[in-house]
Amino acid sequence: MADFDFGAVYAALPYILGQGLWFTVTLTVLATIGGIVFGTLLALMRVSGNPVLDRIAATYINVIRALPLVLVIFWFYFLVPYIAQWITGSDYPVQVGAFKSALITFIAFEAAYFAEIVRSGINSVAAGQMQAGLAIGLKRRQVMAEIILPQAFRAVLPILLTQTIILFQDTSLVYVLGLTDLLGASSQLAQRDGRLVEMYVTAAVIYFVICFVASRLVKRLRIANATRV
C-alpha cells in the first residue's frame, strides 16, 4: 500500500460518484420498481387458480431463473430492436439504446425473482381472510388488492430489499454494453490514469458500504417483523 495514491482517489470521486454511482442507483431503483410491478402480476397469475395463467407465469419464471443474467443482457440488447420493429411495423430495427435495453433486461429478469417472493408473501396470509372478504361482499380482486397484498408485501419486505441489494450488485454487468455505471466509471479512470488498484479498491469500498448499510436495514426490518408477529 506504500504506492497507493489517495490523491488519485480524491480526484476521481466526483466522476465515480456523480456519473457512475448515480447511474447505478438510477438503474437499480427503476429496475426494482418495474420488477416488483411485473413480478406482482406474475405472482397473481400463479395464485389465480387458472391453470393456463399459472402455467404461463411458471414457465416464464423457470426459464428466466435458469439463464445467466449476462446472457439475458446480450439477448435483450440485440433482440429488443427487432422485437420493437415487429411491434411497430417499422421497416428497420428500432434503435432502443443501451440504457433502455439494460433497463428492460433487469426488469424482465428480476421480475422472475420478485414474483416468487411476492407469491410466498401471498401464501403466508391466512386463507380465511379471502373468504372473510368475499363474505362481506367484496370482489376477489378487491380482497387481493386491499387486504391480501398489503399484508403480503409487509411480510416479505426484508426479502424484497435483499433482492434489491443483489440487483444493485448485478448492475455492474452493464459494462458489457459500454454503459458507465459505478464499476464502469472506475474502470475508465483506472485505464486512463494507470491507477488500477486505487480505482478498483474505491469501487469495492463504495459497493461494500452501500450494501452493508442496506443489509443492516434489512436486519432491522426482520427484527421488527418478528417482534410484530
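Is threonine 24 buried or exposed? Threonine 24 is buried, because its relative accessible area is 0%, where buried stands for under 20% relative accessible area, exposed for over 50% and partly exposed for what lies in between, with a 1.4 Å probe and protein chains only.

## Model and overall fold

This is a predicted model, in which local features need pLDDT of at least 70 and side-chain atom pairs count only at pLDDT 80 or more, while totals for chains, interfaces and linings use all residues. Residues are numbered from 1 along each chain as its sequence is written, and side-chain values use heavy atoms, with hydrogens and water left out.

The protein chain has eight helices and zero strands, helices being DSSP runs of H or I with at least four residues and strands runs of E with at least two, numbered from the N terminus. The C-alpha trace spans about 70 × 55 × 25 Å along its principal axes, and 38% of the 229 residues count as buried. Of the contacts (heavy atoms within 4.5 Å) with a separation of 6 or more, 77% are between residues 24 or more positions apart.

Threonine 24 has its place in helix H1. Leaving aside neighbours within four places in sequence, threonine 24 is in contact with Phe168, Thr171, Asp181 and Leu182; the C-alpha atoms of threonine 24 and phenylalanine 168 are 7.1 Å apart, although 144 residues separate them in sequence.

Beyond its neighbours within four places in sequence, phenylalanine 106 is in contact with residues including Leu27, Ala31, Leu167 and Val174.

## The largest pocket

The largest pocket has a volume of about 210 Å³. On a 1 Å grid over the protein atoms alone, a pocket is an open set of points where a 1.4 Å probe fits, with protein on both sides within 12 Å along at least five of seven lines, and lining residues have an atom within 4 Å of a point; the points are joined across faces, edges and corners, and the volume is the space filled by probe spheres set on them.

Among the lining residues are Val25, Thr28, Leu161, Phe168, Ile210 and Val218. Helix H1 (6–46), helix H6 (140–170) and helix H8 (196–228) each supply at least two residues of the lining, and H8 gives the largest share, five residues. By class the lining has ten nonpolar, two polar and no charged residues, where Ala, Val, Leu, Ile, Met, Phe, Trp, Tyr, Cys and Pro count as nonpolar, Asp, Glu, Lys and Arg as charged, and the others, Gly among them, as polar.

## Two glutamines

Glutamine 85 lies in helix H3 (residues 69–88) and counts as buried because its relative accessibility is 18%. Its side chain reaches the backbone oxygen of aspartate 91 at 3.1 Å.

Glutamine 142, in helix H6, counts as partly exposed because its relative accessibility is 29%. The C-alpha atoms of glutamine 142 and methionine 130 are separated by 9.8 Å, and the two residues are twelve apart along the chain.

Methods: Polar contact = N/O pair within 3.5 Å; in protein donor to acceptor, adjacent residues only side chain to side chain.
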